[in-house]
Amino acid sequence: MENNVNAKINHLIDFVYGETFSDAHLKMLLEKIENARAVITEKRKLNWDENDVVLIAYADQFSAEGEDALPVFTRFYNKWLSHSFSHVHLLPFYPWSSDDGFSVIDYHQVAPGTGTWQDVAELNKSANLMFDFVCNHMSAKSQWFANYLAQKPGYNDFFIAVDPETDLSAVTRPRALPLLTPFTCQDGSVRHLWTTFSEDQVDLNFASPEVLIAMVDVLLHYLMEGASYIRLDAVGFMWKTPGTSCIHLEKTHCLIQLFRAITDAVAPGTVIITETNVPHKDNISYFGDGENEAQMVYQFSLPPLVLHAVHHQDVRALCEWATSLTLPSRKTTWFNFLASHDGIGLNPLRGILPESDILSLVEKLQQEGALINWKNNPDGTRSPYEINVTYLDALSTRDCDDNSRVARFILAHAVLLSFPGVPAIYIQSILGSRNDYDGVERYGYNRAINRKKYVAGEMDRALDVNNSLRHKVYHALTKLIAVRRLEKAFHPDSKVVFDTASKHVLKIVRTADNGERITGVFNFSDDIQEVYSDIRAGRELIAGCDISGTTLTLNPWQVMWIKEN
């Protein structure tokens, strides 16, 4: 390994661990890194571009009797989705015990019934892959945790035991659940262990060198299996210091810098993406100095701000926020999305919108059928932290007709595809899915409203039904993505200017390095809008027609992408 990489790794380990990280630990870590570097021969794409669009999906999204799920997914992807997406984010496909995959039993295996690593490699022939590195916690049903409870050598510090009398009132709580969970060890002693998210998701103790080495081994395994994007799940909570908030701590950032340095050393071009569903100023701290931490961060404020603009028919807050966005370097960009397997986070709105506006949005969506998750605050109060709903239903009211639903949906996704950064689209969105209340009742948690899975052939038949809502959504969004992927002005790094033509009309102007320019004009209202245009001649890319004159007429919820001649 190059000396400067070694030096960087040594420096970070020394800062985080000091003398607790022995020479033997370091030797083991560096050997693992060297071995992975020797194994990985396939080169990653070194730069993102306008062609990059990510699909978010479960590996077992589709099932067929007598078959593992992943090959079934790959067939569906190749038939319906491969022409629209460059990457697939496979949500955790490892053996798991709860939280739809995010309580991992074994990081190194593919879940029974899902497939094999060879099936993952087969999908990798059609798409670049994004894996979840669930680094903060693992399942209480895992062998690692069983070894801990059995007090086996080498596992004594794998998880975080805390005296229950410790004052933990300053700790940031993402869920309305106990922070500590009692477990009984083999010798009969009871340990209260740190469980940030649930009693089945036990936080790993990164203060232990053995944990770091084990988790770096997981990261290297994913790189060897072909992951070109690595998502660091719930990474903001990774380091704990009682008496602090235990989120966004300096040593958490140092661990991410260590993961980045290792990844750059063994698989250049791999993108580290941090998942931190927190207020915007904290979220962007994970870019580090623009060179040393995440290359991408989730743009968590975008989904609720687009919803706010749609429901208020007012784009000013969205535009003001978008105008304020800056990146620390051209080696970083945004990971943009509107919907995912999780709900729509509200914490990223805090500091951007008044709390009264947030509560108003929650109340309105709740009246339209959305479900709400709550969190406990240090002062004993509760606040809404997540809206659970499909994005298609979130954008519309119950009495909307299908044409209005599709128009609002395409408008929102045109905003997503116009933003600087790499866009990601959840599979339920491109399939035109509605709220799955039966799933919520069956599984007993709100997020099931947007996690429906399908039997092979069921979705093929639904998409083939002309003029059905699914058919309309799929074909309209597929067309929009196809247009976007051909235009250099939509390169993640191209220049952007946000503006408002009125409170109802958003303008996004993207200009490529070669001078090509596309002006997006978005009517966030139920009314026809007349908009002055300084484009003397151009082509509207979505409808495929020529534009001239000084006035644009936008129908309700219409978007135009105008490429100047």
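I began with helix H17, which is mostly covered, since twelve of its 17 residues are buried (under 20% relative accessible area, where exposed is over 50% and partly exposed lies in between, with a 1.4 Å probe and protein chains only). Among the buried residues of H17 I listed Leu469, Tyr474, Leu477, Ile481 and Arg485. H17 runs over residues 469-485 and reaches 24 Å from its first C-alpha to its last, close to the 24 Å expected at 1.5 Å a residue (1.5 Å times one less than the number of residues).

I noted that this is a predicted model, in which local features need pLDDT of at least 70 and side-chain atom pairs pLDDT 80 or more, while totals for chains, interfaces and linings use all residues. Residues are numbered from 1 along each chain as its sequence is written, and side-chain values use heavy atoms, without hydrogens and water.

Next I traced an open sheet of three strands in the order E13-E15-E14, with antiparallel pairing (at least two DSSP bridges between two strands; helices, H or I, have at least four residues and strands, E, at least two, as DSSP runs numbered from the N terminus). Its edge strands are E13 (344-345) and E14 (371-376), each pairing on one side only. E14 pairs with E15 (residues 382-388) over six bridges, and Ile372 stands opposite Ile387 in E15.

Last, I looked for disulfides (cysteine sulfur atoms within 2.5 Å) and the count came to zero. Cys400 is buried at a relative accessible area of 13%, whereas Cys545 is partly exposed at 33%.
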